[in-house]
Amino acid sequence: MEAELGVALPADFKELSRRFVPGAFSGYLSLLRPTDDHFETPLLSMWHGGRQVAGQDESGAQIFEPYGIYGPDAEPGLLQWATDISEGDHFWLVDRSAEPDRWPVVSRREAGESWHQFDMSTAEFVYRMIADPEFKPFTVANPPRLPFYLPHWAPYPPSVEEWEALSNPNREGRTRW
C-alpha cells in the first residue's frame, strides 16, 4: 500500500491498525484499513475515489479545498485515514518533505463544513475524540462514561441499556486509557 501511495504512513496509525481488529472506537470512529477484509472500506479505495472525484471537474475539486487530494506527483494534499458514523472525514495533510509522524490531522464534521487542522498524532486525535469532552467539535466523550472499542463482529448495540453497559465506568475487564 505504501509503495502505491509513494509515502510511508504514520507509525502510530500502523500500530493502531495492528493492535485493533476492524471495528469502531466508541462505536463511532473507524480506521480505513489497507485491505477490504471484514467489509471495511480500504484506505486505497478511498484515496482512489477521492482523486477521481477531485479530478472530475471544478465542483469535485472544491470538496477538498483549500488542501486538495494527495498525489505522488502533486503535494501536499489530503489522505483520508478514518471515517465516523456522522459523516465526518479525517485526513492527514501529507507532505513528503516532512516525516509522516509529523503530518497534521485535518478533519471536518461533514462535507461542506469548515476544516479543522490539528498538529497532533493520529493516536492522540483518536484518544481526544473518544475521551476528551473538551475536544470540540469532534468529541464523543461523555463523562463519566468510558471509551470502548466495538469490533466489527460485535452487534451494534440496539438498545440504550447495551450502550450504557459498554461505556459503564464500573464494567468488569475495562481498559484504562
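In the second largest pocket, α3 makes the largest contribution to the lining, with 4 residues. The model is predicted, so to speak of local features requires pLDDT of at least 70 and side-chain atom pairs count only at pLDDT 80 or more, while totals for chains, interfaces and linings use all residues. Numbering runs from 1 along each chain as its sequence is written, and side-chain values use heavy atoms, with hydrogens and water left out. The volume of this second largest pocket is about 150 Å³. A pocket here is an open set of points on a 1 Å grid over the protein atoms alone, where a 1.4 Å probe fits, with protein on both sides within 12 Å along at least five of seven lines; lining residues have an atom within 4 Å of a point.

Of the 16 residues lining the second largest pocket, Met 46, Phe 64, Gln 80, Asp 89 and Phe 91 lie nearest its centre. Two or more lining residues come from each of α3 (43-56), β3 (77-84) and β4 (89-94), helices being DSSP runs (H or I) of at least four residues and strands (E) of at least two. By class, the lining comprises 9 nonpolar, 3 polar and 4 charged residues.

The largest pocket holds about 290 Å³ of space. Its lining has 18 residues, with Val 140, Ala 141, Asn 142, Arg 145 and Leu 146 nearest the centre. Here α5 (122-131) and α6 (160-167) are the elements giving two or more residues.

Beyond its neighbours within four places in sequence, Phe 125 is in contact (heavy atoms within 4.5 Å) with residues including Trp 81, His 90, Phe 118 and Phe 138.

Notes: Points joined across faces, edges and corners; volume = space filled by probe spheres on them. Nonpolar A, V, L, I, M, F, W, Y, C, P; charged D, E, K, R; others polar.
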